[in-house]
Amino acid sequence: MENQNLKRTPLHAAHLRAGARMVPFGGWDMPVQYAGLKAEHQAVRENVGMFDVSHMGQFRFRGPGALDFLQHVTPNDVSKLKPGRAHYNWLPAEEGGLVDDIYIYQAGEQDYLMVVNAGNIAKDWAHLQALAAGYDVQMTDESDDWVLIAVQGPKAAATLNEFTDADLLTAKRNSFFPGRLLDHDVFFARTGYTGEDGFEVFVKAPEGEALWDALLASGIAPAGLGARDTLRLEAGFPLYGHEFSENIHPLSSTYAWVVKDKPYLGRTKMDEAPRQKLIGLKLDKIPVREGYPVMLGGENVGVVTSGSTSPTLGHPIAMALVDVDAADASAFEVEVRGKRHPAERTELPFYKAK
């Protein structure tokens, strides 16, 4: 895709000022790194860093039928949420697989905010609109209304707490609440995609660049998509289009806890047993990438879905979808340009925050 056809977040100019290297991602021109992937990864693992995730989509659902509608289109139990709480969820396809994986935040009574993956905004919106008939729900696409900044790392709460009137230190995981941050009205969500503690900060789009610059001036280092990917891979987090898709049974993953015993769109296919299982692989030297074949006893039993060298662990790691019958083996091989390299099965996640 030509750069001039790529969408830009409201922080695009700030990324250029910071010397970011920009790359196409999900139809957006996004920063892949600033100081360097390893330094940015380490900052989030050991201290604090921040990401522009404004390319993600935000949909609002309001009205008396909002809860019933969300219960119908997702397998997790939205009725368990209360105002100020959030949870991870899925949009199953009726014919199998996932339309997307999402987060739902309950902002108030009969008021929910859904965050969806950037590359799926148009698809998700069309999917949800097609299902809304018969429900007393008002849907609004607010994707252009918000800047979303993910401040992540073991020191994220203490760092942000110096600049807000909210008490971030005692906020619970998956809480969602308003506050003032560096003279801006924001919403804080104690959620993230790095395996570390942190907050995703929602601010109205016209104020986004000023808040980003103020956070930079406070000493928080920016991080790009490169570090975001290695961080989420170490944490064993799936990425839509890699570990999840409309062609992958979502219960191949370790996320069966998402599915609750209730009626929802796509339950018939969800109830079918998956034929593959997502596993972790550790290699000694050779990094592997998406699409590389996974072999067992000379037979092709699966494929790498995500892979990289782990900055934290110092060796290559990968997630792979393999046949259920092969999934319990302890040693595999990954084929890289015609050569096979040993890969040891390891439990997910590869890394847990201390």
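Modeller: A residue is called buried when its relative accessible area is under 20%, exposed when it is over 50%, and partly exposed in between, with a 1.4 Å probe and protein chains only. R62, for instance, is partly exposed, with a relative accessible area of 36%. This is a predicted model, in which local features need pLDDT of at least 70 and side-chain atom pairs count only at pLDDT 80 or more, while totals for chains, interfaces and linings use all residues. Residues are numbered from 1 along each chain as its sequence is written, and side-chain values use heavy atoms, with hydrogens and water left out.

Biologist: Which residue forms a salt bridge with D111?

Modeller: A salt bridge is a side-chain nitrogen of Lys or Arg within 4 Å of a carboxyl oxygen of Asp or Glu. In this structure the side chain of D111 meets that of R62, at 3.6 Å from N to O. The pair links distant parts of the chain, since D111 belongs to strand β7 (residues 111-116) and R62 to strand β4 (residues 57-62), 49 residues apart. Helices (H or I, at least four residues) and strands (E, at least two) are DSSP runs, numbered from the N terminus. D111 is buried, at a relative accessible area of 13%, and a network of salt bridges links R60, R62, D111 and E142.

Biologist: How many salt bridges does the structure hold, and which parts does the pair of R17 and D213 tie together?

Modeller: The structure holds 18 salt bridges. In one of them R17 and D213 bring their closest N and O atoms to 3.0 Å. Because R17 lies in helix α1 (residues 12-17) and D213 in helix α6, this pair ties together parts that are 196 residues apart in sequence. R17 is exposed, with a relative accessible area of 52%, whereas D213 is partly exposed at 31%. Another salt bridge joins E347 and R345, with the closest N and O atoms 3.9 Å apart; here E347 counts as exposed at 56% relative accessibility, and R345 is buried at 18%.

Biologist: How should I read a sheet, and in what order do the 6 strands of the open sheet stand?

Modeller: Strands of a sheet pair through backbone hydrogen bonds, either parallel or antiparallel. Two strands are taken to pair if DSSP finds at least two bridges between them. Here 6 strands form an open sheet in the order β10-β11-β12-β9-β3-β13, and the pairing is mixed. At the edges stand β10 (176-181) and β13 (221-222), each with a single partner strand, so one side of each is left without a neighbour in the sheet. Within the sheet, strand β9 (residues 146-152) pairs with strand β12 (residues 198-204) in the antiparallel sense over 7 bridges, and W146 stands opposite K204 in β12.

Biologist: Which residues have the most contacts inside the largest nonpolar core?

Modeller: A nonpolar core is a set of buried Ala, Val, Leu, Ile, Met, Phe, Trp, Tyr and Cys residues joined through side-chain atoms within 4.5 Å. The largest one has 28 residues, and those with the most contacts inside it are I149, V151, F188, F199 and L215. The elements giving it two or more residues are β9, α5 (156-161), β10, β11 (184-189), β12 and α6 (205-217), of which α6 gives the most, with 4 residues. A second, separate core of 27 residues includes W90, Y103, V115 and L231.

Biologist: What covers the buried residues of α2?

Modeller: An α-helix has 3.6 residues a turn, so residues three or four places apart point the same way. In helix α2 (residues 37-46) the buried residues are E40, H41, A43, V44 and R45. Contact, meaning heavy atoms within 4.5 Å, is the basis for naming their cover, which includes β2 (28-33), β3 (49-52), β9, β13 and α7 (225-234).

Biologist: Which peptide bond is cis, and where does N174 lie?

Modeller: Most residues other than glycine have a negative phi, and most peptide bonds are trans. The peptide bond from L348 to P349 is cis, with omega near 0°, and P349 lies in the segment after β19 (339-346). N174, although not a glycine, has a positive phi of about 70°; N174 lies in the loop between α5 and β10 and is buried, with a relative accessible area of 16%. L182 is also not a glycine and has a positive phi of about 50°; L182 is placed in the loop between β10 and β11 and is partly exposed at 21%.
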